[in-house]
Amino acid sequence: MASLLKIENLCVAVDDKLILKGVNLEVRQGEIHALMGPNGSGKSTLAYALMGHPKYEIVEGNISVDGASLNELEPDARARMGLFLAFQYPVTIPGVKVADFLRHAVSNVRNPNRKEGEGLIPMRDFRKELKSRMEELGIDLEFARRYLNDGFSGGEKKRMEILQLAMLRPKFAILDETDSGLDSDAVRFVSEAISRLSGPDMAIVIITHHERLLEFNVPQQTHVMLAGRIVEDGDARLAHELHDQGYAGIRARHPAIAAEEQEETAARQPGAAVGARG
Amino acid sequence: MSTELKTAFENEVGVGDYQYGFHDPIDKYVFTARKGLDRDIVAQISEMKGEPAWMREFRLHALEIFFSKPMPHWGGNLTELDFQNIHYYVKASQSQEKSWDDVPEDIRKTYDRLGIPEAEKKHLAGVKAQYESEVVYGSLQEDLAKQGVIFTDTDSALRDHPDLFREYFGTVIPSGDNKFAALNSAVWSGGSFIYVPKGVKIDFPLQAYFRINSENMGQFERTLIIVDEGASVHYVEGCTAPTYSSESLHSAVVEIIVKRNARCRYTTIQNWSNNVYNLVTKRAMAYGDSLMEWVDGNLGSRLTMKYPAIYLMEPGARGETLSIAFAGPGQHQDAGAKMVHCAPNTYSRIISKSISKGGGRSSYRGLAKVVKGAASCKSNVVCDALILDSASRSDTYPYIEIERDDVTIEHEASVSKISEEQLFYLMSRGLTEAEAASMIVTGFIEPLVKELPMEYAVEMNKLIELQMEGSVG
Ligand SMILES: Nc1ncnc2c1ncn2[C@@H]1O[C@H](COP(=O)(O)OP(=O)(O)OP(=O)(O)O)[C@@H](O)[C@H]1O
Ligand SMILES: [Mg+2]
């Protein structure tokens with residue numbers, strides 16, 4: 001049976017500021033979803049909250065996989081349950097080699113009961129697998145020995161995220177603007193790689209402002225976020241329409257939420273906040 | 001941090017669980033000097049060793065200097081160190097052993113648990129395993145001996161190579177240098193002696209293992225290395241110590257002479273148990289176009305005060321110090337480096353990385369000094385500290401003394417906390433919090449660890465992992 005990731009009335013605060021205000025979403029293993037919305041609408045926040053970032057506090061609602069709640073689980077436990085986030089801004093870990101890190105990660109995720117200090121997956125098998133995944137993604141093999149994201153270009157970092165996706169083979173992958181920062185050849189390469197990776201065992205939630213990823217990975221469902229809520233759902237045509245026409249139509253159809261968005265944007269302008277220091 | 005984690009962590013690195021905290025029955029020892037320090041003890045040590053009169057005088061003179069010098073009041077807290085409650089000499093077995101099989105059994109057992117035979121099997125040229133105050137086991141590859149290389153314990157060197165010994169002994173670090181150098185000069189025992197003749201390049205590391213075993217026993221090894229013109233050597237020393245409840249003192253002196261065009265690298269990893277005071281004086285003199293490198297890893301101990309120094313004596317000399325310190329609960333690592341530019345066109349570099357955790361404290365204390373006549377010198381200092389929790393502490397005390405202005409001195413220091421974003425990133429890939437933290441710490445020191453010989457690098461990473469297990473929260 002295909003697993004189900006269920007998000008119910010999710011409200012999330014960061015530094016005591018409420019960002020997500022009741023998000024509902026169901027993603028079934030094997031499906032492709034597009035998650036769109038203007039800048040600041042809460043897409044990355046949703047992604048972080050799903051993965052369990054400690055700063056993103058769930059104040060209400062529930063995240064569950066096949067009925068088991070994830071709310072209280074640490075990020076590593078969520079990863080072992082099959083969640084994966086390709087970061088919009090991948091983090092640099094100096095001194096940690098890509099291969100060492102990935103071998104550890106793969107060992108934990110494939111063997112969820114592995115205890116700290118227990119053996120890692122065999123070196124030879126791992127190397128072989130890593131090599132073929134890197135070749136498929138057009139990543140120079142030398143990157144396996146480089147320090148994780150250290151000195152990588154924007155595009156290289158994004159490819160490294162997809163390499164991790166390919167090695168970890170999650171049930172639910174959230175790709176946060178994986179296409180931004182990639183040149184057009186790279187977008188094509190990555191899009192094809194993702195479509196090869198996807199299948200009945202993997203669901204993909206594609207967060208994007210562009211259409212290229214969606215050309216190769218046609219979403220069954222498209223969701224549009226505005227001011228911390230999902231305001232519309234549709235199919236691939238909705239994604240296409242948003243790309244062509246922008247969000248004016250969405251804001252017009254949801255005036256109250258658009259007004260809220262307006263207010264929040266104004267509050268963030270320098271000098272607007274009460275007691276702001278000059 | 002949850003209580004559960006905290007307890008697990010305390011058990012992990014607490015005194016009771018110290019990894020190498022086993023020890024052998026003490027009554028097997030052949031000779032143990034009574035506790036305390038006075039002229040009689042020093043004379044007795046000299047007599048036991050059958051030393052020439054000049055060494056006995058040297059020791060007694062040093063003892064006077066020791067008594068006359070005040071305790072240093074900078075660095076770490078030495079107020080609980082009681083010099084009269086320490087054995088200054090313990091001889092574990094009668095004489096130098098010829099082969100591994102002849103080494104007394106409990107001693108062998110101890111070494112087995114430290115993995116020394118394995119290490120030897122691998123590729124060691126000569127293992128100088130110091131057990132207590134005397135070297136009980138040593139071997140040296142024949143081809144080295146054929147090339148005229150001397151690698152022996154310091155007591156044997158005094159006996160077998162008296163002229164060479166006397167020419168250099170105490171010339172780099174005179175007894176009057178500091179209180180602990182004076183103490184070592186009075187009661188020294190064991191240590192390594194290396195002489196590499198002109199032009200001889202040893203292309204594998206020479207290694208020694210040291211181990212304090214007896215309660216309240218100070219270990220005062222004395223190492224002297226002479227690298228003659230155009231020669232090169234890499235000496236490696238690693239330490240582990242068993243756990244005891246009362247204080248233990250380790251105060252070594254290491255003197256190195258690197259002659260023209262020669263190279264010397266001295267690598268140390270120390271992992272004393274949490275009750276040891278580790279007060280070490282290390283200094284090298286580097287002559288024309290030579291290269292001296294200290295690679296220094298300090299884990300464990302209650303207090304470490306150690307600032308390997310390099311005096312750049314002639315033009316073209318280069319000095320480099322790489323140091324890693326890890327301060328856990330109840331520990332203070334006061335470590336650093338000194339570079340003294342005594343000649344023009346000399347270069348030095350100091351890279352220091354420290355990690356403080358669970359209330360541990362690490363301080364970097366470094367000196368870059370350029371004397372009047374030393375034109376066009378360059379010195380570069382980079383020290384980075386990583387603090388793992390709010391109970392821990394890190395300080396930087398850089399001292400720069402320059403007597404001219406055509407020199408380039410760069411100093412960069414950074415202190416960082418372990419980053420939440422890095423932890424989250426790694427955890428989102430399935431690493432537990434402890435694994436993620438351990439990986440970040442390992443990465444932090446990797447630029448230095450990769451300079452270590454392979455098995456030490458592995459050991460270093462293992463030690464870090466062990467210190468990090470279940471420790472964050
Ligand atoms: N620490 C914080 N304190 C206050 N507001 C925050 C904090 N972190 C995020 N926000 C706000 O939360 C909102 C949602 O941000 P989020 O990054 O989720 O947007 P996004 O939809 O991913 O946008 P983009 O398309 O630009 O990536 C933004 O208004 C942002 O400024
Ligand atoms: Mg975003």
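Start by selecting A:R133 and A:E136: both sit in helix α4 (residues 123-136) of chain A, 3 residues apart, about one turn of the helix. Helices here are DSSP runs of H or I of at least four residues, strands are runs of E of at least two, and both are numbered from the N terminus.

The model is predicted, so local features need pLDDT of at least 70 and side-chain atom pairs count only at pLDDT 80 or more, while totals for chains, interfaces and linings use all residues. Residues are numbered from 1 along each chain as its sequence is written, chains are lettered from A and ligands numbered from 1 in the order in which they are written, and side-chain values use heavy atoms, with hydrogens and water left out.

**Stop 1: salt bridges**

A:R133 and A:E136 form a salt bridge, with 3.1 Å between the closest N and O atoms. The term means a side-chain nitrogen of Lys or Arg within 4 Å of a carboxyl oxygen of Asp or Glu. Side chains of opposite charge can pair when their charged atoms come close. A:E136 is partly exposed, at 37% relative accessibility. Buried means under 20% relative accessible area, exposed means over 50%, and partly exposed is in between (1.4 Å probe, protein chains only).

Next, select A:E26 and A:K6. Their side chains meet in a salt bridge at 3.9 Å, N to O. A:E26 is in strand β2 of chain A and A:K6 in strand β1 (residues 4-14) of chain A, so the pair ties together parts 20 residues apart in sequence. A:E26 is partly exposed at 39% relative accessible area. A:K6 is partly exposed too, at 26%.

Now show A:K21, A:R229, A:E260 and A:E264 together. Salt bridges link these four in a network.

Move to chain B and pick B:R404 and B:D406. Their salt bridge has its closest N and O atoms 2.6 Å apart. B:R404 has a relative accessible area of 26% and is partly exposed. B:D406 is partly exposed at 36%. Over all chains, a search of the whole structure finds 35 salt bridges.

**Stop 2: ligand 1**

Select ligand 1 and the residues around it.

Zoom in on the oxygen atoms of the ligand. A polar side-chain atom of A:T45 is 2.5 Å from one. For A:S44, a side-chain N or O atom lies 2.8 Å from a ligand oxygen. For A:Q88, a polar side-chain atom is 3.2 Å from a ligand oxygen. Taken alone, ligand 1 exposes 640 Å², and the protein buries 73% of that (Shrake-Rupley method, 1.4 Å probe).

**Stop 3: strand β17 of chain B**

Select residues 318-327 of chain B, strand β17. Is this strand mostly covered or mostly open? It is mostly covered: 9 of its 10 residues are buried.

Strands count as paired if DSSP finds at least two bridges between them. Here B:D296 stands opposite B:S323 in β17(B).

Finish with strand β19 (residues 347-356) of chain B. β17(B) and β19(B) pair in the parallel sense over 10 bridges. Look for B:A327, which stands opposite B:S356 in β19(B).

Notes:
Polar contact = N/O pair within 3.5 Å; in protein donor to acceptor, adjacent residues only side chain to side chain.
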